[in-house]
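User: Could you take a close look at the salt bridges in this model and walk me through them in one go?

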Amino acid sequence: MPAYGANQKRKKKNKGYTPPGGSRSLATNPPPPQPVASTKTIMENGIPMIISTEPSPSPVKIRKDLPPPDATLTPDKVKNYRTNGTKPKLVLAPVHFDSGKADVDVGASLQFQEALEYGLLGYHILIEGHTDDVGTAESNLRLSMKRINEIRTMLIHVGIDDNHVSIMPYGESMPLVPNTSEVNRHKNRRVQFLIF
């Protein structure tokens, strides 16, 4: 009985082709070790959750032209920026919600990742919650508060100092566009991240 593969013809090497990493074997040239991310375990409603304490690589591009974080800012100063003259350094694109719902995977959004990156650099984050005009003003205010509270909790769980994350619910009081159509209402159901 012939040896395994004895009847098979050898394939010719394709000239000009070099395998990834060159022609050396991995035994003589092993890949460099990958860094291990630091993690911590927290309890959320009795369920252990593993949270990375290092941000994962993301497509987020941090602007280098922003002034450094202002150490004199307080949560009250950030929350009342419309009346006290404090200006945000950056306003991120809004994250939109379905009507009457507080659940959307905001944590997977690019805006959340960007706010997280700025928060880890020491910037203050203000999360504003807005709704459309469907329902009562009180229920819309509660809904906007629920949305932004969940996002604030997520940011704090991943390592942002709670004094650097402020929230401001507006309900239906500050629409971007008139609530005259479903398209416009969708634009008004939003959470906005402002970086200070």
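**Salt bridges up close**

Analyst: Asp133 and Arg185 form a salt bridge, with their closest N and O atoms 3.3 Å apart. This pair links distant parts of the chain: Asp133 sits in the loop between β5 and α4 (137–157), while Arg185 belongs to helix α5 (residues 182–188), 52 residues apart. Helices (H or I, at least four residues) and strands (E, at least two) are DSSP runs, numbered from the N terminus. Asp133 is partly exposed at 33% relative accessibility, where buried means under 20% relative accessible area, exposed over 50% and partly exposed in between (1.4 Å probe, protein chains only).

A word on the ground rules: the model is predicted, so local features need pLDDT of at least 70 and side-chain atom pairs count only at pLDDT 80 or more, whereas totals for chains, interfaces and linings use all residues. Residues are numbered from 1 along each chain as its sequence is written, and side-chain values use heavy atoms, leaving out hydrogens and water.

A salt bridge here is a side-chain nitrogen of Lys or Arg within 4 Å of a carboxyl oxygen of Asp or Glu, and the count comes to 5. In another of these, Glu128 meets Arg82 with the closest N and O atoms 3.1 Å apart. Glu128 lies in strand β5 (residues 125–130) and Arg82 in helix α2, so the pair ties together parts that are 46 residues apart in sequence. Glu128 is buried at 3% relative accessibility, but Arg82 is partly exposed at 43%.

Next comes Arg189, which bridges to Glu182 with the closest N and O atoms 3.0 Å apart. Arg189 is buried at 4%, and Glu182 is partly exposed at 47%. These two also join Asp132 in a network of salt bridges.
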